[in-house]
Amino acid sequence: MEREDTQKIMVSIDFYIGQPIEESPYYGYHRLAEAAIKALRPGINDLESAVLSLNVLTDLFSFQINHFIKTGHKNEIGTIIV
């Protein structure tokens, strides 16, 4: 296999563990929920971290409700084209 072919293959493989925020902004919600759940485990029992995570999640959901993500593009007359 040529070096150039190997580089093309390596570029197309994602070695990232987790999810990049640029591709999935909702990954942060998942991580905050996970932190809240772990904080409530009997062995950890960190209520302050659980409450803080839930407060941040509530704020983020509130922001998301009031700020819609643009999902389409309109042409000059206002018809959604994409």
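Mentor: Start with a term: helices (H or I, at least four residues) and strands (E, at least two) are DSSP runs, numbered from the N terminus. This is a predicted model, where local features need pLDDT of at least 70, side-chain atom pairs count only at pLDDT 80 or more, and totals for chains, interfaces and linings use all residues. Residues are numbered from 1 along each chain as its sequence is written, and side-chain values use heavy atoms, with hydrogens and water left out.

Trainee: In which helix is the place of Met 10?

Mentor: Look at residues 3–12.

Trainee: Is Ser 53 buried or exposed?

Mentor: Ser 53 lies in helix α3. Buried means under 20% relative accessible area, exposed over 50%, partly exposed in between (1.4 Å probe, protein chains only). Ser 53 has 8%, so the word is buried.

Trainee: Which residues does Ser 53 touch, not counting residues up to four places away in sequence?

Mentor: Contact means heavy atoms within 4.5 Å. Ala 35 is 18 residues from Ser 53 in sequence, but 6.9 Å from it in space, C-alpha to C-alpha. Ser 53 touches Leu 32, Ala 35 and Ala 36.

Trainee: How many aromatic pairs does a search of the whole structure find?

Mentor: Rings of Phe, Tyr and Trp (its six-membered ring) pair if their centres lie within 6.5 Å; planes under 30 degrees apart count as stacked, over 60 as edge-to-face and the rest as tilted. Ring pairs join Tyr 26, Tyr 29 and Phe 61 into a cluster. The number of pairs is two.

Trainee: Why is the pair of Tyr 29 and Phe 61 called stacked?

Mentor: A pair of aromatic rings is described by the distance of the centres and the angle of the planes. Here the centres of Tyr 29 and Phe 61 are 4.9 Å apart. The pair counts as stacked because the planes are at 25°.

Trainee: How many residues apart are Tyr 29 and Phe 61?

Mentor: Tyr 29 is in helix α2 (residues 27–39) and Phe 61 in helix α3 (residues 47–66). Their pair links distant parts of the chain. The two are 32 residues apart.

Trainee: What is the phi of Asn 45?

Mentor: Most residues other than glycine have a negative phi. Asn 45 lies in the loop between α2 and α3. Asn 45 is not a glycine, yet its phi is positive, about 50°.
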